[in-house]
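Here are some notes to read beside the model. Please keep the structure open and find each part as we come to it.

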Amino acid sequence: MERVLCVDPSVTSTGWAYWDSLLEGDYVPPDVSGVVRGRGFDDSLQKFRHVLRTLPLVRKSIIEFPEVQQNAAATQSGALFKLAAVTGAYEALIWTEFGTRSTRVRPSTWKGQLPKKEVMRRIKEKLNMVTRDHEADAVGIGLWAVNGSV
């Protein structure tokens, strides 16, 4: 795959990772990656748009899509609905900037039950790269996309 953007959205911070080239069997760090933190929905969208405008043409976008879990607290607080709205807004930004439709992947599909700390440990081990919270998941999504596992 060429010019791949992977995104792990969140209501408070969003991880992203970009590879100019990512081939099957590759365990290479992204060319650039990071975390966008905003002070609310609009600020987060503006910061993510700024990141997108620094990247070359993205040809493939993979975004983590929320899945319903048996978590009554998340459902009652509306967190799942907020996350779905943020994810949709990021997909729209990617489409607007690059004309690229995002492929959605659920957390259980790409990482199973791995906790974030384990994803971070594996990335450190395989790529010699230290990642931050949601950045780790964005990098992990890219590795999963070409290798079938993190």
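**A colleague's notes**

1. Phe-48 is buried, since its relative accessibility is 0% (buried means under 20% relative accessible area, exposed over 50%, and partly exposed in between, with a 1.4 Å probe and protein chains only). Please remember that this is a predicted model, in which local features need pLDDT of at least 70, side-chain atom pairs count only at pLDDT 80 or more, and totals for chains, interfaces and linings use all residues. Residues are numbered from 1 along each chain as its sequence is written, and side-chain values use heavy atoms, leaving out hydrogens and water.

2. Now for the partner of that ring. The structure holds one aromatic pair (rings of Phe, Tyr and Trp, the last by its six-membered ring, pair if their centres lie within 6.5 Å; planes under 30 degrees apart count as stacked, over 60 as edge-to-face and the rest as tilted). The ring centres of Phe-48 and Tyr-90 are 4.4 Å apart and the planes meet at 40°, so this pair is tilted. Phe-48 belongs to helix α1 (residues 41-54) and Tyr-90 to helix α3, so the pair ties together parts 42 residues apart in sequence. Tyr-90 is buried too, at a relative accessible area of 1%. Helices (H or I, at least four residues) and strands (E, at least two) are DSSP runs, numbered from the N terminus.

3. Which elements do the buried residues of α1 pack against? They pack against β1, β2, β3 and α3 (contact means heavy atoms within 4.5 Å). The buried residues of α1 include Leu-45, Phe-48 and Val-51. From first C-alpha to last, the 14 residues of α1 reach 21 Å, close to the 20 Å expected at 1.5 Å a residue (the expected span is 1.5 Å times one less than the number of residues).

4. Helix α3 can be checked in the same way. Its 20 residues should span 28 Å at 1.5 Å a residue, and its end C-alpha atoms are 28 Å apart, which agrees. Among the buried residues of α3 are Val-86, Tyr-90 and Ile-94. An α-helix has 3.6 residues a turn, so residues three or four places apart point the same way. The buried residues of α3 pack against β1, β2, α1, β4 and β5. After α3 comes Gly-99, with a positive phi near 70°.

5. Next, please look at the sheet. It is open, with five strands in the order β3-β2-β1-β4-β5 and mixed pairing (two strands pair if DSSP finds at least two bridges between them). β3 (32-37) and β5 (102-105) are at the edges with a single partner strand each, so one side of each has no neighbour in the sheet. From one strand to the next, the twist averages 20°. Strands β1 (residues 2-8) and β2 (residues 13-21) run antiparallel and are joined by six bridges; Val-7 stands opposite Trp-16 in β2.

6. Arg-3 is not a glycine, yet its phi is positive, near 50°; Arg-3 sits in strand β1 and is partly exposed at 26% relative accessibility. Asn-128 also has a positive phi, about 55°, without being a glycine. Asn-128 lies in the loop between α5 (116-127) and α6 and is exposed, with a relative accessible area of 60%.

How values were computed
Axes are lines fitted to C-alpha atoms, for helices over the stretch in contact, and angles run from 0 to 180 degrees between N-to-C directions.
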